[in-house]
Amino acid sequence: MGKGCITATKYFLFLFNLLFFIFGALIMGFGLWVLLDNQSFIAVLQESSTTLKVVSYIFISVGSLSMAMGFLGCIGAIYEIRCLLGLYFTCLLLILIAQVTAGVLIYFQRDRLKHEMSNIIKGMLVNYTGQNRTTEHTWDYVQRTMKCCGWTGPGNWSENVWIRNSSVSMYPCSCRNETLPGTDVKETGLCEHLSNDLPVYEKGCMHSVEGWLLENCGVILGICVGVAVIELLGMILSMCLCKSVVQEDYTKVPKY
């Protein structure tokens, strides 16, 4: 391989690693969002879903490792250090295997995740009091913004402990359909109504939530595919550059 080709490969590898670093940051950011977010539907699942936590930790690990490898690849490419390029190739291979494993895990566990999510929501509805700001207020936000009530429908709320034992007709305030006559609109908690004909949304939140999750998963899937393509290109370029470097010159290692 000529000197010009080596230089071109070196800078192409640097560019790919820069993109790899950025995509790694996006994946790690998604994992942190799943783990820490308290303003979307994900917050409802955080306290009870073990699978969701495992997947978020996988994303955080892969993302942070991708960022580290992107930095390592940039240094190895610019200074043509064979040991770093070899280590970079090995780590890229391990990251790619981890990503494929996480994807396969999510795909084959999708029915279990759906069932687990349904049980978590229904359990939360049974014990709802309107006082838990972490999950219950988030679910109130979901019902208000998606204009839905309950998981499969407003009938799910009939199992709520407070509503079932109340001597008056009650309903979750966040289910309030503003187009129907009734009491004042409140954002959280349980509201009273004079009749059994409750002014709530008739549609359940299940399909809306599943659509929201699929939409967000589509974005993440696109990012992961982009990272995988960059990983493969980085592996090819790193091997080409590694073979073209005749010997290691440790004097090229930057001194800080």
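Just after H6, Lys 147 adopts a positive phi of about 55°, where helices (H or I, at least four residues) and strands (E, at least two) are DSSP runs numbered from the N terminus. Lys 147 takes this value although it is not a glycine, and its place is in the loop between H6 and helix H7 (161-165). Most residues other than glycine have a negative phi.

This is a predicted model, in which local features need pLDDT of at least 70 and side-chain atom pairs count only at pLDDT 80 or more, while totals for chains, interfaces and linings use all residues. Residues are numbered from 1 along each chain as its sequence is written, and side-chain values use heavy atoms, with hydrogens and water left out.

## The protein as a whole

The protein holds eight helices and two strands, and when read along the sequence these follow the pattern α-α-α-α-α-α-α-β-β-α. Of its 256 residues, 44% count as buried, a word that here means under 20% relative accessible area, with exposed meaning over 50% and partly exposed lying in between (1.4 Å probe, protein chains only).

The protein exposes about 14,000 Å², and carbon and sulfur atoms supply 64% of that area; accessible areas come from the Shrake-Rupley method with a 1.4 Å probe, and for residues only the protein chains shown count as cover. Among contacts (heavy atoms within 4.5 Å) with a separation of 6 or more, residues 24 or more positions apart account for 72%.

## Helix H6 and Asp 140

Helix H6 covers residues 136-146 and is mostly covered, since eight of its eleven residues are buried. These buried residues are Glu 136, His 137, Thr 138, Trp 139, Asp 140, Val 142, Gln 143 and Met 146.

Which side chain of opposite charge is nearest to the buried Asp 140? That side chain is Arg 144, at 5.4 Å, and Asp 140 has no salt bridge; Lys and Arg count as positive and Asp and Glu as negative, whereas His and the chain ends are not counted. Leaving aside neighbours within four places in sequence, Asp 140 is in contact with Tyr 128, Ser 174, Glu 187, Thr 188 and Gly 189.

## The single salt bridge

The structure holds one salt bridge, defined as a side-chain nitrogen of Lys or Arg within 4 Å of a carboxyl oxygen of Asp or Glu. It joins the side chains of Arg 164 and Glu 159, with a distance of 3.8 Å from N to O. Glu 159 counts as partly exposed, at 43% relative accessibility.

## The two strands

Strand S1 (residues 169-172) and strand S2 run antiparallel and are joined by four bridges; two strands pair if DSSP finds at least two bridges between them. Within this pairing, Ser 169 has His 193 as its bridge partner in S2, while Pro 172 stands opposite Leu 190.

In a regular strand the side chains alternate between the two faces of the sheet.

Ser 56 is buried, with a relative accessible area of 1%, whereas Ile 58 is partly exposed at 25%.

Ser 56 and Met 28 are 28 residues apart in sequence and 8.7 Å apart in space, C-alpha to C-alpha. For Ile 58 and Met 28, which are 30 residues apart along the chain, the C-alpha atoms are separated by 9.1 Å. Not counting residues up to four places away in sequence, Ile 58 touches Ala 102 and Leu 105.

## A nonpolar surface patch

A nonpolar surface patch of about 920 Å² is made by Tyr 11, Phe 12, Phe 14, Leu 15, Leu 18, Leu 19, Phe 21, Ile 22, Leu 26 and Phe 71. Patches are made of residues with over 30% relative accessible area and no salt bridge, where like charges are joined within 9 Å and nonpolar side chains (Val, Leu, Ile, Met, Phe, Trp, Tyr) within 5 Å.
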